[in-house]
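Subject: Handover of a structure

Dear colleague,

I am passing this structure on to you, and below it you will find an account of what was found. Please keep the sequence and the 3D view open while you read.

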Amino acid sequence: RERGARHCGVGERMFLCQARSGALRQPYRLLRSVLLPSSTSTSSFFSSSSSGGGGGPSTWEFMDWAKRGDLKEWKSGEEPSYFHVFNVDAKEYEVDVKDLEKKYKSLQKFLHPDKLGVSGGDEQRKLGEKYSALVNEAYTVLRRPLPRARYMLAQRGMSVDEETSMDDLDFLQKVMEIRERLEEDLDEEALKELEEEINREIEKIVSELGRLLNSGSLQDAKELTAKLKYYDNILNEIIRQK
């Protein structure tokens, strides 16, 4: 089958050559649209569990508040952090996802809007909707390595977005070559092998990312999180082709 992206591949190589020679000051911005598509779908790896646990405070304050049944605004409307919601340590990157799931189900049982509406009327229903949505969002972020890393960085004043620059040209070259492989007519077995290869790379990044975040090396963690986003998009493309 014909693939117009092949034509782009020549341009990618030219950009990288110019970048290596110093002709381009910011090669990342020129390559970003090709190497880092704005995909937001969920990949197989990022839905899996991470090893280790958070180890939050012994008293689960948010759960105690939710159990009361007669909800008031949390601390005068102040929104709790996602780590506070699930009683996990905000300084630790590793999260026990199975434990997180159990906590999620317990919280939603107490914060279900319909249940609160029956006992407390429209005001309680609205509060249930508000805090049930917060629990959903917190769970979605904390259970996956990429959004969890982004959230931890944001909580510490660092943001990772599409404009985050990257100077690792060898990594950009590697990503470009992987994407060229995806342009070929890969059979199911080849796609599976490529998926396993990418997952191995992700496991390395996630392990190192945990060390960096736990030690407070935020700039290095930010750069590694940007690489994680590349691999996330590649996995999404592999899943799309399978």
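Helices (H or I, at least four residues) and strands (E, at least two) are taken as DSSP runs and are numbered from the N terminus. What you have is a predicted model, in which local features need pLDDT of at least 70 and side-chain atom pairs count only at pLDDT 80 or more, while totals for chains, interfaces and linings use all residues. Residues are numbered from 1 along each chain as its sequence is written, and side-chain values use heavy atoms, with hydrogens and water left out.

Overall picture

The protein has 10 helices and 0 strands, and the order of its elements from the N terminus on is α-α-α-α-α-α-α-α-α-α. Of the 242 residues in the protein, 44% are buried, where buried means under 20% relative accessible area, exposed means over 50%, and partly exposed lies in between (1.4 Å probe, protein chains only). The protein exposes about 12900 Å², of which carbon and sulfur atoms supply 47%; these areas come from the Shrake-Rupley method with a 1.4 Å probe, and for residues only the protein chains shown count as cover. Among the contacts (heavy atoms within 4.5 Å) with a separation of 6 or more, 78% are between residues 24 or more positions apart.

The core

A nonpolar core is a set of buried Ala, Val, Leu, Ile, Met, Phe, Trp, Tyr and Cys residues joined through side-chain atoms within 4.5 Å. The largest one here has 59 residues, and those with the most contacts inside it are Phe62, Phe86, Leu107, Ile198 and Leu213. At least two residues of this core come from each of H3 (61–67), H4 (82–86), H5 (97–111), H6 (113–142), H7 (145–155), H8 (169–182), H9 (188–215) and H10 (218–241), and the largest share, 10 residues, is that of H10. In soluble globular proteins, nonpolar side chains tend to be buried together. If neighbours within four places in sequence are left aside, Phe86 is in contact with Trp60, Leu100, Lys103, Tyr104, Leu107, Val135, Ala138, Tyr139 and Leu142.

The axes of H8 and H10 come within 11 Å and cross at roughly 5 degrees; axes are lines fitted to C-alpha atoms, for helices over the stretch in contact, and angles run from 0 to 180 degrees between N-to-C directions. H8 and H10 are therefore roughly parallel to each other, since angles under 35 degrees count as roughly parallel, over 145 as roughly antiparallel, 65 to 115 as roughly perpendicular and the rest as oblique. On the H8 side, Phe171, Leu172, Lys174, Val175, Ile178, Arg179 and Leu182 meet Lys227, Tyr230, Tyr231, Asn233, Ile234, Glu237, Ile238 and Gln241 in H10. Sorted by class, this contact of H8 with H10 has 9 nonpolar, 2 polar and 4 charged residues (Ala, Val, Leu, Ile, Met, Phe, Trp, Tyr, Cys and Pro count as nonpolar, Asp, Glu, Lys and Arg as charged, and the others, Gly among them, as polar).

H7 is largely enclosed by the rest of the structure, because 8 of its 11 residues are buried. The buried residues of H7 are Pro145, Leu146, Pro147, Arg148, Ala149, Tyr151, Met152 and Leu153. Just after H7, Gly157 has a positive phi of about 85 degrees.

Individual positions

Most residues other than glycine have a negative phi, and most peptide bonds are trans. Asn87, although not a glycine, has a positive phi of about 60 degrees; Asn87 sits in the loop between H4 and H5 and is buried, at a relative accessible area of 12%.

Arg211 lies in H9 and is partly exposed, with a relative accessible area of 47%; Arg211 and Ala221 are 10 residues apart in sequence and 8.8 Å apart in space, C-alpha to C-alpha. Asn199, also placed in H9, counts as buried at 16% relative accessibility, and its C-alpha is 9.3 Å from that of Asp232, 33 residues apart in sequence. Glu188, found in H9, counts as exposed at 68% relative accessibility, and the C-alpha atoms of Glu188 and Lys242, 54 residues apart along the chain, are separated by 6.5 Å.

With kind regards
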